[in-house]
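Have a look at the picture before reading on.

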Amino acid sequence: MRVLIYHLLLLLVFLFYQFLAAVFSPPLFDPFFPLLLGGLFWRFPSWHLFLAVFFWGLVNDTFSFLVPGSSVIAYAFGLFLFWQLKRKLALRGFFPALVSLLISISVCELLRLWIIPVLLELPLPVPGFYFIGRLLLGTLTWGFLCWVFCQFSLVRNFLEISSTV
């Protein structure tokens with residue numbers, strides 16, 4: 001049931017993001033990666049997380065301006081990095097969890113929007129580094145809001161997120 005709620009939450013965020021993009025201009029944040037990190041806190045098996053990363057990374061690339069596959073690689077690397085930071089820092093408190101979140105989101109978005117296209121000699125998907133910085137700042141803000149929202153006990157109980165992480 002938790003896996004179904006998790007994917008339903010990702011679908012709802014994606015549909016809301018597409019609605020905002022259709023009505024206004026596309027919001028400057030990545031809707032998926034901060035929520036994909038939530039699977040670590042839900043204690044899903046790694047194959048569930050990496051299938052979610054693969055599927056939602058391809059969905060993100062399909063509906064965005066990127067070549068399919070770059071988000072999958074960046075999301076997988078960012079998830080692995082966050083998992084390592086989670087293990088090393090033990091995420092016992094506000095500051096280590098926040099640092100892990102900031103580092104993994106920054107690395108993931110820089111990989112997805114700048115480093116992978118340069119390494120694979122693809123055209124850069126955005127006009128410049130200023131735009132990438134704005135998207136990175138928006139994603140960091142969205143990730144922080146998701147993280148703060150999941151700290152409420154009501155949300156933790158509804159989504160069955162462990163409080164011992």
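What you see is a predicted model, in which local features need pLDDT of at least 70 and side-chain atom pairs count only at pLDDT 80 or more, while totals for chains, interfaces and linings use all residues. Residues are numbered from 1 along each chain as its sequence is written, and side-chain values use heavy atoms, with hydrogens and water left out.

The protein has seven helices and zero strands (DSSP runs numbered from the N terminus, with H or I over at least four residues for helices and E over at least two for strands). Of its 165 residues, 44% are buried, where buried means under 20% relative accessible area with a 1.4 Å probe, counting protein chains only. The protein exposes about 9100 Å², and carbon and sulfur atoms supply 76% of that (areas come from the Shrake-Rupley method with a 1.4 Å probe). Take the contacts (heavy atoms within 4.5 Å) between residues at least 6 apart in sequence: 66% of them join residues at least 24 apart.

Now for H2, which spans residues 33-41. Eight of its nine residues are buried, so H2 is largely enclosed by the rest of the structure. The buried ones are Phe33, Pro34, Leu35, Leu36, Leu37, Gly39, Leu40 and Phe41.

What does H2 meet? One partner is H1 (residues 2-23): the two axes come within 10 Å and cross at roughly 170°. Axes here are lines fitted to C-alpha atoms, for helices over the stretch in contact, and angles run from 0 to 180 degrees between N-to-C directions. H1 and H2 are therefore roughly antiparallel, the word for angles over 145 degrees. Tyr6, Leu9, Leu10 and Val13 in H1 meet Leu35, Leu36, Gly38 and Gly39 in H2. This contact has six nonpolar, two polar and no charged residues (Ala, Val, Leu, Ile, Met, Phe, Trp, Tyr, Cys and Pro count as nonpolar, Asp, Glu, Lys and Arg as charged, and the others, Gly among them, as polar).

Another partner is H4 (residues 70-89), whose axis comes within 10 Å of that of H2 and crosses it at roughly 45°. On the H2 side, Phe33, Leu36, Leu37, Leu40 and Phe41 meet Tyr75, Gly78, Leu79, Phe82, Trp83 and Lys86 in H4. Here the residues divide into nine nonpolar, one polar and one charged.

Finally, H2 is followed by arginine 43, whose phi is positive, near 60°.

Definitions and conventions
Angles under 35 degrees count as roughly parallel, over 145 as roughly antiparallel, 65 to 115 as roughly perpendicular and the rest as oblique. Buried means under 20% relative accessible area, exposed over 50%, partly exposed in between (1.4 Å probe, protein chains only).
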